[in-house]
Amino acid sequence: MTSAATPLAGRVAVVLGATGWIGRGISRRLVDSGASVVLVARDRDRLDGLARELDAEERVLIVAADVTQSLDVDDVRAASLDRFGHVDLVTVLSGVITGSAFEGGIPADWAEMIDVNLRGLLHSAQTFAEPLLDSARQGRAADLVLLGAVSEDAHEPRFAVFNAVSAAITQLGRTLRDEYGPSGVRVHVLAPEFPHPATEAPGRDARAGRQQSPVTPESIAAVVALAAALPAGVNLAEAVLLPTARRQR
Amino acid sequence: MSALVARVRRLPEALTAAAVLFAAAIIALIWANLGGESYTDFWHLPLGVDAGAFTFHLDLRHWVNDAAMALFFAYVTLEVRRDIELGELRDWRRAIVPLVAAVAGLIVPALLFVAVTWGTGAADGWGIVISTDTAFVLGMLALVGRAMPPQLRMFLLTLAVADDVGALAVIAFAYTDDFTPAPLLLVAVGLAAIVGLRRAGVWRGAFYLAPAVVVWVGFLFSGVHATLAGVAIALLLPIASIRPADLRRAGDRVRAFQLAPNADAARTAEQSLARAVSVNERAYRTLTPYVMRVILPLFALANAGVRITADSLQGAFASQLTWGIIIGLVVGKTAAITIATAIMSRVRPGALGGLRMPQLFGLSVLAGMGFTISLFVAELAFDDPESLSRAQIGILAATVLAAVLGAAVFAILSAAERRRGDVRDRLVRPLDPRRDPVLGDAARARTTVVEYGDVSSAFAATSEEMRREMAQRFGVGVAYTFRHAATATPGVALAGEAASEQGRFWEMRDALLSEAPVESDRQLLRAASRAGLNLRRFRADVARGAGSARVAEDAADAEAMLLSDTPAFFIDGVRYRGPIDADAINAAVAVALTATLATCASSSPELTPAERAR
């Protein structure tokens with residue numbers, strides 16, 4: 001069934017945060033690799049747009065949901081199982097990022113990052129734990145992909161809170177790996193690093209530098225596809241993606 | 001004098017209504033026996049309209065019996081519908097006993113009447129003994145049954161409602177003569193207009209008036225008794241429980257009026273307030289004083305005036321007709337209701353909901369008061385003045401006899417009840433932190449508050465406010481718990497218990513409150529999500545009925561304590577009887593707390609209620 005061109009044929013992937021910069025790349029790669037994909041994001045219009053671009057109607061389901069609402073996530077689970085019968089690859093990409101000098105940070109921004117990046121991820125991981133475990137029990141590969149921090153001691157001035165949350169996600173992934181590994185569910189933590197604008201220019205657009213980044217959504221997607229296609233007995237547990245010409249700090 | 005007026009004002013509504021009715025009957029009797037024909041002449045005065053070729057006349061008595069009484073029958077029907085859709089009759093398990101008793105109470109007296117009057121040609125009057133006078137019996141119960149549990153009144157209301165339905169059917173089918181179907185078209189047109197108004201969402205009562213008159217005229221000309229117009233119209237008036245959306249809107253408008261107190265805002269606020277309550281409910285409220293204080297007394301005045309002379313009394317008490325009525329009402333009603341209830345309580349144990357047979361016997365004796373509808377049917381059944389007079393004497397005698405006997409039974413019961421002490425106001429199961437979700441520290445609290453309620457009830461918001469204030473005011477001094485009343489929606493109660501499994505009962509309660517009215521499982525899930533529950537476990541717990549034992553226990557306790565209205569509060573194990581608003585309840589809690597602290601200070605300051613109990 002699987003071939004070199006479609007290594008993920010027969011897999012059912014859920015991409016939470018599908019319409020983001022990274023999410024779009026991963027969604028495309030998964031569809032191209034032959035997987036059925038459930039695209040999840042808050043904005044239905046953008047989901048529609050993405051689904052049109054992907055142009056694989058029979059293998060794509062879109063569900064609008066807010067990951068901070070556990071019932072929304074539960075609805076995604078129900079809709080995915082309803083449409084495709086099982087779920088064996090869950091990619092949690094939903095996240096927001098705001099940066100500033102710490103003393104100038106806005107507490108509401110911290111709350112939003114903790115809410116979306118961490119709590120949303122907890123809802124997603126918990127809600128999909130059951131279908132992933134079911135898939136593993138049936139002898140299928142089962143993967144949970146999280147985006148974590150590059151390393152615990154990464155020096156990212158102006159992104160203290162985002163980094164703290166990302167480190168928490170990394171730590172969560174490690175613990176879940178121990179908890180679910182024996183049951184056959186692989187937990188992967190990917191840590192891509194993007195160059196951040198060097199200037200101290202004010203503004204909240206943390207994504208300004210990444211359009212020129214050598215670490216692209218496509219490269220992250222390639223790692224996800226690779227991790228998912230490995231034989232079930234082996235887990236590509238953590239991957240750090242750096243720009244080759246990264247400056248030492 | 002003014003002290004007397006004030007005392008009369010404080011009497012229960014039912015009691016004043018019965019008193020006014022009684023007074024009217026006495027006045028009618030005196031008036032009819034003054035000598036001369038003034039009573040008969042007056043009630044035969046014609047009244048009507050002449051408009052060109054069109055003339056329409058009824059005598060005064062018929063204006064009362066056919067027109068004013070239509071309002072009475074509408075009122076009764078409104079009450080029946082309210083009970084069927086929102087009240088006691090909705091719960092079939094509870095309603096079945098009074099319903100069976102009511103049917104027995106319709107049939108047995110009629111059979112007894114026919115047996116006694118057999119062969120006299122008076123058997124046509126069997127409809128006289130079928131119906132209990134709701135107004136009189138409720139009034140008597142309020143007077144002589146004050147020590148009785150409130151369930152007895154609910155039982156009586158259900159019984160009376162079923163009994164009235166039977167009586168209405170009998171009047172419609174057995175006592176209609178000279179039937180001409182054509183005017184029923186008018187009835188259809190009027191009713192259609194009312195349905196149309198209802199569909200269009202018209203909520204102002206005034207718009208329903210014109211089609212109502214059309215319906216009445218149609219019934220009058222058709223020969224079917226015109227009062228049935230009241231029944232038909234009342235059956236169509238919309239009824240619904242209060243919708244939280246309407247309630248919220250009304251609240252918003254009232255607040256808007258507070259901010260800008262002008263005539264426009266007042267009008268909008270008034271309208272939205274009226275709109276929040278269904279037409280049925282408002283019509284019922286509006287009709288109550290007129291029916292109780294005007295229509296029923298007027299009817300008594302127009303119909304109870306029996307000429308009583310030595311001859312007429314002698315004739316009456318020698319006639320089988322009079323005895324048929326007395327035996328039918330006094331013996332028939334009592335026997336039928338008592339025996340039917342006794343049988344039903346054997347067939348369905350627990351269906352009496354805490355009422356005891358002696359109480360129901362007393363009630364069944366009172367049910368022999370058959371005043372209003374009996375007089376009404378007598379008027380329809382008998383044309384010759386002699387039979388009518390005998391029937392009326394029989395009715396008056398039976399009503400007085402039933403009232404006196406019933407009062408005697410209740411006097412004995414009340415004395416017994418007083419000797420037993422008032423056990424109804426005691427909480428049967430003390431607060432137990434191992435089974436009850438507790439707010440505050442049960443081990444350290446000096447006062448406990450136990451609520452029996454339903455999270456989806458209209459009063460839930462009060463409970464919520466009270467709880468917040470309680471926590472603020474008393475801190476750990478007060479432990480508070482919530483239990484499910486017998487009337488609580490089962491699905492909602494179980495959802496609360498499933499949340500309790502995750503230690504989030506109170507969060508769930510708040511979430512359910514913001515979802516109210518809870519009508520779907522989806523709302524339960526949404527509340528669970530909002531309360532921060534693990535949805536998978538929540539679903540599993542609801543599915544396996546976790547905590548259903550507690551729900552059942554709570555309901556059984558509530559029934560044993562005869563809690564009919566929710567929410568019911570127990571402060572330190574004693575039923576709180578004051579108004580259900582946060583301030584009043586918290587004030588009562590403060591009093592209880594102060595009292596406990598005072599006792600503690602005088603004995604041992606460090607002992608909590610639980611420790612002292614040991």
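This is a predicted model: local features need pLDDT of at least 70, side-chain atom pairs count only at pLDDT 80 or more; totals for chains, interfaces and linings use all residues.
A cavity here is a set of grid points where a 1.4 Å probe fits but cannot get out, and its lining residues have an atom within 4 Å of a point.

The search gives 3 cavities of 30 Å³ or more. Our stop is the second largest cavity, which has a volume of about 60 Å³. Which residues line the second largest cavity? To find them, look for B:F72 and B:D164, for the run of B:T132, B:D133, B:T134 and B:A135, and then for B:L296, B:T372 and B:I373. Two helices of chain B each supply at least two residues of this lining: helix 6, covering 134-144, and helix 17, covering 371-381. Sorted by class, the lining holds 4 nonpolar, 3 polar and 2 charged residues.

Now let us turn to the meeting place of the two chains. Here 8 residues of chain B are in contact with 8 residues of chain A. The size of an interface is often given as the accessible area lost when the parts come together. For chain B and chain A, about 660 Å² is buried between them, with 42% of it on carbon and sulfur atoms. On the chain B side, B:R522, B:S529 and B:L535 lose the most area to chain A, and together they make up 51% of what that side buries.

How many salt bridges are there between chain B and chain A? The count is 2. One to look for involves B:R522 again: this residue forms a salt bridge with A:D75, and the closest N and O atoms are 2.5 Å apart. Helix 22 (521-530) and helix 23 (535-543) of chain B are the elements that give two or more residues to the side touching chain A. Helix 22 provides the largest share, with 4 residues. By class, this side of chain B divides into 2 nonpolar, 2 polar and 4 charged residues.

Finally, let us step back to the whole structure, where 33 salt bridges are found over all chains. Within chain B, B:E553 pairs with B:R429 in a salt bridge, the closest N and O atoms being 3.8 Å apart. This pair links distant parts of the chain, 124 residues apart: B:E553 sits in helix 24 (residues 548-560), while B:R429 lies in the loop between helix 18 (385-420) and strand 3 (438-439).

Terms used. Residues are numbered from 1 along each chain as its sequence is written. Chains are lettered from A and ligands numbered from 1 in the order in which they are written. Side-chain values use heavy atoms; hydrogens and water are left out. On a 1 Å grid over the protein atoms alone, a cavity is a set of points where a 1.4 Å probe fits but cannot get out, and a pocket is an open set with protein on both sides within 12 Å along at least five of seven lines; lining residues have an atom within 4 Å of a point. Grid points are joined across faces, edges and corners, and a volume is the space filled by probe spheres set on the points. Ala, Val, Leu, Ile, Met, Phe, Trp, Tyr, Cys and Pro count as nonpolar, Asp, Glu, Lys and Arg as charged, and the others, Gly among them, as polar. Contact means heavy atoms within 4.5 Å. Buried area is the accessible area (1.4 Å probe) that two parts lose on being put together, summed over both. A salt bridge is a side-chain nitrogen of Lys or Arg within 4 Å of a carboxyl oxygen of Asp or Glu.
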